[in-house]
Amino acid sequence: MNLKYTDDGTLPELVANLASLKREGIYWDFKREWHDNKADLLHDIICMANNPAETTGLLIIGVDEEAGYEPTGDADALGKRLVTQNLVDILRSKKWADGMPRIRIATIDLRGACVDVVLVDHDKDAMPYYLVEDYRDGGSTVRAGAIYTRDADSNTPKNGTATPLAAERLWRRHFGLDKTPLERLPQLLKDPSKWKHTLPVLARDEEYCGYCFHHVDFPEFTFVRKPEEDWDAVEYFMLASPFFSHPSWWTCYFYYHQTMIYQMPGAYSDHLWIPAPTISTLHDHCYAVPPEDAHFYMYYLEGSIERAAMMFELDESKEGPSALEEVRWLDSLVPTYKDEGERIAFERWVESNWGMFLERCKNQTLFRRVSEKLPDSIKRYESVERRARESATLVDLLKEYRALHTEER
């Protein structure tokens with residue numbers, strides 16, 4: 001389970017369900033009101049960020065466990081409330097070992113009562129979260145070097161630290177040792193300097209040795225790119241290059257030892273190898289079943305193997321930053337979502353504003369500049385132009401969607 005919330009409309013039901021359990025858990029904690037002591041608040045957030053469920057932590061403020069897990073009351077009953085920026089400022093003022101947790105505050109209505117939910121997300125590369133300098137407020141101290149987490153429904157005491165087993169599990173997450181080989185790939189690809197040219201794993205790959213790499217620290221991970229000479233399909237993500245004239249498909253094969261664990265089609269756009277994005281569909285929400293003229297588009301997810309494999313080429317040890325302009329153009333043509341939750345919520349928003357989406361597609365100006373550089377041999381592909389125009393519109397709308405929902409929060 002990996003809960004990341006982008007649609008706060010689901011929070012009231014979720015909080016109500018958790019309260020109905022009449023207990024706290026490894027990733028949720030109830031508070032009657034906001035903390036008077038900043039060290040106590042910081043301690044709770046660290047415990048939630050390091051929770052063993054590897055999911056978004058929920059610090060639910062406005063539910064009284066001593067009163068049968070009923071809502072506390074209106075906003076005035078919650079004490080000195082904070083907004084997201086207040087809490088971010090508090091966290092930024094502390095000295096963290098390797099980055100701080102990502103937090104935001106959502107206010108919900110729970111059976112007529114006001115409840116603030118602090119959503120605490122984590123970055124596996126930064127876990128476990130801990131301070132490098134003591135923080136004191138009144139009689140409470142969050143100790144430097146101490147690793148705090150959750151054990152069932154309880155926090156690690158502020159004067160203690162996580163058990164060796166709990167700490168080991170957090171560090172294993174940090175180094176990716178608890179992941180499958182496929183799950184480790186994006187993390188390993190984030191450091192291109194660790195990948196060196198190597199001989200192919202399999203004999204049939206020998207002619208492509210210039211495109212074979214192995215990981216220095218984990219040489220059991222290798223990959224090779226091979227051309228697909230018979231593929232001639234044109235996709236609009238290839239238009240990231242101003243010099244695009246014909247498709248140049250190459251497939252990347254990732255191996256763990258001699259076992260292929262992932263196959264990734266992609267195409268060269270000048271010097272940049274671009275993994276093919278994932279395909280999704282959009283249609284007017286008035287139709288229960290997608291109509292025949294449903295709109296197809298492509299997207300990436302942040303932190304995905306595809307994004308990591310593309311950015312791999314920009315390192316000085318590989319092609320270098322010469323293809324940064326192509327990445328910029330690609331990001332103006334293909335949306336990149338923070339996670340699957342954001343993708344689903346955004347697609348629902350677009351489908352509920354279908355008329356606006358179609359109108360914006362007609363008036364899309366970015367693609368007009370892209371279209372000018374298309375060779376005549378490509379311009380005959382009407383669907384390529386149309387889908388590029390629609391996808392570029394989605395990039396613009398995603399920015400507006402994020403701004404709109406940030407204001408609402």
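Residue N353 is found in the loop between α8 and α9, where helices (H or I, at least four residues) and strands (E, at least two) are DSSP runs numbered from the N terminus. The structure is a predicted model, in which local features need pLDDT of at least 70 and side-chain atom pairs count only at pLDDT 80 or more, whereas totals for chains, interfaces and linings use all residues. Residues are numbered from 1 along each chain as its sequence is written, and side-chain values use heavy atoms, with hydrogens and water left out. At 27% relative accessibility, N353 counts as partly exposed; buried means under 20% relative accessible area, exposed over 50%, and partly exposed in between (1.4 Å probe, protein chains only). The C-alpha atoms of N353 and H285 are separated by 8.5 Å, although these residues stand 68 residues apart along the chain.

The largest nonpolar core has 40 residues, of which Y236, F237, I274, L330, F346 and V350 touch the most other members. Such a core is a set of buried Ala, Val, Leu, Ile, Met, Phe, Trp, Tyr and Cys residues joined through side-chain atoms within 4.5 Å. Two or more residues are given to this core by each of β16 (272-275), β18 (295-301), α7 (324-333), α8 (340-352), α9 (354-362) and α12 (382-408). The most comes from α12, with seven residues. Leaving aside neighbours within four places in sequence, Y236 is in contact (heavy atoms within 4.5 Å) with Y297, M298, L333, V334, V384, R387, A388 and S391. Apart from this core lies another, of 35 residues, with M48, L87, Y129 and A146 among them. In soluble globular proteins, nonpolar side chains tend to be buried together.

M48 belongs to helix α2, in which A39, L41, L42, H43, D44, I45, I46, C47, M48 and A49 are buried. Because ten of its twelve residues are buried, α2 is largely enclosed by the rest of the structure. The helix covers residues 38-49 and reaches 16 Å from its first C-alpha to its last, close to the 16 Å expected at 1.5 Å a residue; the expected span is 1.5 Å times one less than the number of residues. At the start of α2, a side-chain oxygen of N37 comes to within 2.8 Å of the backbone nitrogen of A39.

Strand β12 (residues 212-215) contains H215, which counts as buried at 3% relative accessibility. The side chain of H215 reaches the backbone nitrogen of D217 at 3.2 Å, a polar contact being a pair of N or O atoms within 3.5 Å; within protein, one must be able to donate a hydrogen and the other to accept it, and residues adjacent in sequence count only if both atoms are side-chain atoms. Not counting residues up to four places away in sequence, H215 touches L188, K194, W195 and F221.

Aromatic rings of Phe, Tyr and Trp (its six-membered ring) pair if their centres lie within 6.5 Å; planes under 30 degrees apart count as stacked, over 60 as edge-to-face and the rest as tilted. By this rule, the count comes to 24 aromatic pairs. F223 and F254 form a tilted pair, at 5.2 Å centre to centre with 45° between the planes. This pair links distant parts of the chain, 31 residues apart, with F223 in strand β13 (residues 221-227) and F254 in strand β14 (residues 249-256). Both F223 and F254 are buried. One aromatic cluster is formed by W195, F213, F223, F254, Y262 and F312.
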